[in-house]
Amino acid sequence: MAEYIKVKDVVLSQYFREDKITITHVEKPYGEFSSPVARIHRVENGKRTGLIEIPYENLEDVIDALRKAEDVNDSIPHNDIHGDLKSEVGGGA
(Lines give C-alpha, C1' and ligand atoms only; values in the text may rest on other atoms or scores of the structure.)
Protein backbone atom coordinates (compact mmCIF):
# COMPACT_ATOMS: atom_id res chain seq x y z
CA MET A 1 0.00 0.00 0.00
CA ALA A 2 1.32 3.44 -0.96
CA GLU A 3 2.43 5.82 1.77
CA TYR A 4 2.25 9.58 1.15
CA ILE A 5 4.44 12.08 2.98
CA LYS A 6 3.70 15.71 2.17
CA VAL A 7 6.93 17.66 1.74
CA LYS A 8 5.87 21.20 0.85
CA ASP A 9 3.29 23.46 -0.74
CA VAL A 10 4.80 26.11 -3.01
CA VAL A 11 2.51 29.06 -3.74
CA LEU A 12 3.18 30.23 -7.28
CA SER A 13 3.92 33.92 -7.82
CA GLN A 14 0.93 35.01 -9.86
CA TYR A 15 -0.93 38.15 -8.99
CA PHE A 16 -4.27 37.06 -10.37
CA ARG A 17 -4.59 33.46 -9.19
CA GLU A 18 -4.27 31.30 -6.12
CA ASP A 19 -2.15 28.55 -7.68
CA LYS A 20 0.38 26.28 -6.01
CA ILE A 21 2.21 23.02 -6.40
CA THR A 22 2.22 20.35 -3.72
CA ILE A 23 5.30 18.16 -3.47
CA THR A 24 4.88 14.73 -1.89
CA HIS A 25 7.14 11.72 -1.34
CA VAL A 26 5.32 8.51 -2.28
CA GLU A 27 6.63 5.26 -0.88
CA LYS A 28 5.55 2.10 -2.78
CA PRO A 29 3.41 4.06 -5.29
CA TYR A 30 2.50 1.02 -7.44
CA GLY A 31 2.63 -1.79 -4.92
CA GLU A 32 4.93 -3.55 -2.49
CA PHE A 33 8.00 -3.77 -4.74
CA SER A 34 7.78 -0.45 -6.58
CA SER A 35 10.36 2.27 -6.13
CA PRO A 36 9.45 5.56 -4.43
CA VAL A 37 8.71 8.71 -6.45
CA ALA A 38 8.43 12.42 -5.91
CA ARG A 39 4.89 13.52 -6.81
CA ILE A 40 4.03 17.06 -7.84
CA HIS A 41 0.39 18.14 -7.99
CA ARG A 42 -0.59 21.37 -9.72
CA VAL A 43 -3.43 23.10 -7.86
CA GLU A 44 -5.29 25.87 -9.68
CA ASN A 45 -7.85 27.89 -7.76
CA GLY A 46 -8.13 25.10 -5.18
CA LYS A 47 -8.56 22.24 -7.69
CA ARG A 48 -5.94 19.68 -8.65
CA THR A 49 -5.37 20.03 -12.37
CA GLY A 50 -2.11 18.24 -13.02
CA LEU A 51 0.12 15.50 -11.71
CA ILE A 52 3.64 14.35 -12.42
CA GLU A 53 5.58 11.59 -10.68
CA ILE A 54 9.35 11.67 -10.90
CA PRO A 55 11.39 8.58 -10.04
CA TYR A 56 14.21 9.58 -7.71
CA GLU A 57 16.69 8.21 -10.26
CA ASN A 58 15.63 11.11 -12.54
CA LEU A 59 15.32 13.83 -9.91
CA GLU A 60 18.78 15.37 -10.39
CA ASP A 61 18.19 15.61 -14.15
CA VAL A 62 14.89 17.42 -13.54
CA ILE A 63 16.47 19.80 -11.02
CA ASP A 64 19.33 20.43 -13.45
CA ALA A 65 16.88 21.22 -16.25
CA LEU A 66 14.98 23.65 -14.00
CA ARG A 67 18.24 25.43 -13.16
CA LYS A 68 19.06 25.66 -16.88
CA ALA A 69 15.58 27.08 -17.51
CA GLU A 70 16.29 29.67 -14.81
CA ASP A 71 19.60 30.53 -16.52
CA VAL A 72 17.78 30.96 -19.83
CA ASN A 73 15.24 33.23 -18.16
CA ASP A 74 18.01 35.26 -16.53
CA SER A 75 19.76 35.68 -19.89
CA ILE A 76 16.73 37.36 -21.49
CA PRO A 77 16.00 41.00 -20.63
CA HIS A 78 12.55 41.45 -19.10
CA ASN A 79 10.71 44.67 -18.42
CA ASP A 80 9.41 45.18 -14.92
CA ILE A 81 5.72 45.27 -15.80
CA HIS A 82 4.92 47.41 -12.77
CA GLY A 83 8.15 49.43 -12.67
CA ASP A 84 6.71 52.64 -14.06
CA LEU A 85 4.03 52.55 -11.35
CA LYS A 86 6.66 52.04 -8.62
CA SER A 87 4.41 49.30 -7.28
CA GLU A 88 4.49 45.50 -6.98
CA VAL A 89 1.06 45.22 -8.56
CA GLY A 90 -0.60 47.13 -11.35
CA GLY A 91 -3.95 48.73 -11.74
CA GLY A 92 -6.50 49.00 -14.49
CA ALA A 93 -6.71 51.87 -16.94
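**Strands, helix and pocket**

Eight bridges connect S3 with S4, and the two strands run antiparallel. The model is a predicted one.

Me: In what order do the elements of the protein chain run from the N terminus on?
Reply: The protein chain has four strands and one helix. Read from the N terminus, the order of these elements is β-β-β-β-α.

Me: What is the order of the strands in the open sheet?
Reply: S1 is joined to strand S2 (residues 20-27) by eight bridges. Seven bridges join S2 to S3, and eight join S3 to S4. The pairing is antiparallel, and the four strands of the open sheet have the order S1-S2-S3-S4.

Me: Which strands stand at the edges?
Reply: The sheet is open, with the order S1-S2-S3-S4. A strand with a single partner has one side left without a neighbour in the sheet, so the edges are held by strand S1 (3-11) and strand S4 (47-55).

Me: What does the twist average from one strand to the next?
Reply: The sheet in question is the open one of four strands with antiparallel pairing. From one strand to the next, its twist averages 20°.

Me: Which residue of S2 is the bridge partner of glutamate 3?
Reply: S1 and S2 run antiparallel and share eight bridges. Within that pairing, valine 11 stands opposite lysine 20 in S2. The bridge partner of glutamate 3 in S2 is glutamate 27.

Me: Which residue of S3 is the bridge partner of histidine 25?
Reply: S2 and S3 run antiparallel and are joined by seven bridges. Threonine 22 stands opposite histidine 41 in S3. For histidine 25, the bridge partner in S3 is alanine 38.

Me: Which residue takes a positive phi in the hairpin of S3 and S4?
Reply: This hairpin has two residues between the strands. The residue asked for lies in the loop between S3 and S4. Its phi is near 50°, a positive value in a residue other than glycine, and its name is asparagine 45.

Me: Is lysine 28 exposed, partly exposed or buried?
Reply: Lysine 28 has its place in the loop between S2 and S3. Its phi is positive, about 55°, although it is not a glycine. Buried means under 20% relative accessible area and exposed means over 50%. Lysine 28 has a relative accessible area of 27%, so the answer is partly exposed.

Me: How many Å apart in space are methionine 1 and lysine 28?
Reply: Methionine 1 is found in the segment before S1, and its relative accessibility of 85% makes it count as exposed. Not counting residues up to four places away in sequence, methionine 1 touches Glu27 and Lys28. Methionine 1 and lysine 28 are 27 residues apart in sequence, while in space, C-alpha to C-alpha, the separation is 6.6 Å.

Me: What angle does the direction of helix H1 make with that of S4?
Reply: Helix H1 (residues 56-75) packs on the sheet. It touches S2, strand S3 (37-44) and S4. The angle between the direction of H1 and that of S4 is about 110°.

Me: Which element gives the most to the lining of the largest pocket?
Reply: About 210 Å³ of space lies in the largest pocket. Its lining has 13 residues, and those nearest its centre are Ile23, Ala38, Ile40, Ile54 and Leu59. S2, S3, S4 and H1 are the elements that give two or more residues to the lining. The element that gives the most, with five residues, is H1.

Me: How many residues of the lining of the largest pocket are nonpolar?
Reply: The largest pocket is lined by 13 residues. None of them is charged and two are polar, while the number of nonpolar ones is eleven.

Me: What percentage of the residues in the protein chain is buried?
Reply: A residue counts as buried if its relative accessible area is under 20%. The protein chain has 93 residues, and the buried ones make up 15%.

Note on methods: Residues are numbered from 1 along each chain as its sequence is written. This is a predicted model: local features need pLDDT of at least 70, side-chain atom pairs count only at pLDDT 80 or more; totals for chains, interfaces and linings use all residues. Side-chain values use heavy atoms; hydrogens and water are left out. Two strands pair if DSSP finds at least two bridges between them. Axes are lines fitted to C-alpha atoms, for helices over the stretch in contact, and angles run from 0 to 180 degrees between N-to-C directions. Contact means heavy atoms within 4.5 Å. On a 1 Å grid over the protein atoms alone, a cavity is a set of points where a 1.4 Å probe fits but cannot get out, and a pocket is an open set with protein on both sides within 12 Å along at least five of seven lines; lining residues have an atom within 4 Å of a point. Grid points are joined across faces, edges and corners, and a volume is the space filled by probe spheres set on the points. Ala, Val, Leu, Ile, Met, Phe, Trp, Tyr, Cys and Pro count as nonpolar, Asp, Glu, Lys and Arg as charged, and the others, Gly among them, as polar. Buried means under 20% relative accessible area, exposed over 50%, partly exposed in between (1.4 Å probe, protein chains only).
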